[in-house]
Amino acid sequence: MNARPIDHLVLPVAGLTAARSRLTKLGFTVAPDAFHPFGTANACVFFSDGSYLEPLALANRRHASAAAKRGNVFTARDLAFRKARDRQGFSALVVATRDAMADHARFKMRGVSAGDVLEFSRGMTLADGSETQASFRLAFAGDDRAPDFLMFSCQRINPLPADRGELEHHSNAVMGLSKIILSASAPSDFAPLAEQVLMTKAKPEAVSLELAAANARIRILQDHELEAEFALPSTPGAEGLRGRVIIFKTADLAVTEITLAANDVAFVRREGRVLVSAAPGQGVLFGFEE
């Protein structure tokens, strides 16, 4: 199996204005707002490794609810996440694929399908002010024991431009994703789901799991491991699979620190990383490492 690359991470936010403000303070360049045809909108952060963050807001709740009732898995899961998690966090991990329909068939065969394939197009404004139309096909995977976290594959039918110019240059020196940290009380329960989506075998490590995507590492830890490594408090009673930490690869950690300090963003140094706690517009802990 050839491991899939991470395409993007979905970060529900209460509003794009707050997300743009927070992400800019963190040193990221944020793309112009873009709108989906089913009631959601994003303001993405693109990286030179081909991945991106998708801060996702509700632009029209009525349209999103109607789409969910028609079977749109993306909006249905987003609305459910917002209700359970106070409107923000880290709700989905997305891999790139060349054939979402084949993925959907495989997900169904393996018992991890989360619903019907979704195909849609949306407009996008590029850095030079020009407009383009991007089209996507999504195949969803999930586990009933993990209502707060979704995985899916994304086929770019009419892709975003490969060269996104200044949108990929960030004052914090971030180049892309390094590690994605999830949590579960029993990480091994979710190995079949993660393996089918990422197309790679999970490597057990004591009580945790690690999987190597083509452009990042995914770790599924227990709460006590998160507390020891990231000083994240445990969440008693939390069940299922949850997105907890995003660690970015930076070209120069000193530049990252200088950028954060200049923008009055609080951070701590821990185990060779710079960590920034979750805040409005940034729903989970962010880490930076070389």
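Here is a short tour of some aromatic rings and the strands around them.

You're looking at a predicted model, where local features need pLDDT of at least 70, side-chain atom pairs count only at pLDDT 80 or more, and totals for chains, interfaces and linings use all residues. Residues are numbered from 1 along each chain as its sequence is written, and side-chain values use heavy atoms, with hydrogens and water left out.

Start with Phe248 and Phe286. Their rings make an edge-to-face pair, 5.0 Å centre to centre with 80° between the planes (rings of Phe, Tyr and Trp, the latter by its six-membered ring, pair with centres within 6.5 Å; planes under 30 degrees apart are stacked, over 60 edge-to-face, the rest tilted). Phe248 sits in strand β14 (residues 242-250) and Phe286 in strand β17 (residues 285-289), 38 residues apart; strands are DSSP runs of E, at least two residues, numbered from the N terminus.

Next, select β14. Eight of its nine residues are buried. Five bridges join β14 to β17, running parallel; pick Val245 and you'll find its bridge partner, Leu285, in β17. Strand β10 (residues 174-183) runs antiparallel to β14, with eight bridges, and Ser183 partners Arg242. Strands pair if DSSP finds at least two bridges between them.

The whole structure holds 14 aromatic pairs.

How values were computed: Helix = DSSP H or I, 4+ residues; strand = E, 2+ residues; numbered from the N terminus. Buried < 20%, exposed > 50% of the residue type's maximum accessible area, 1.4 Å probe, protein only.
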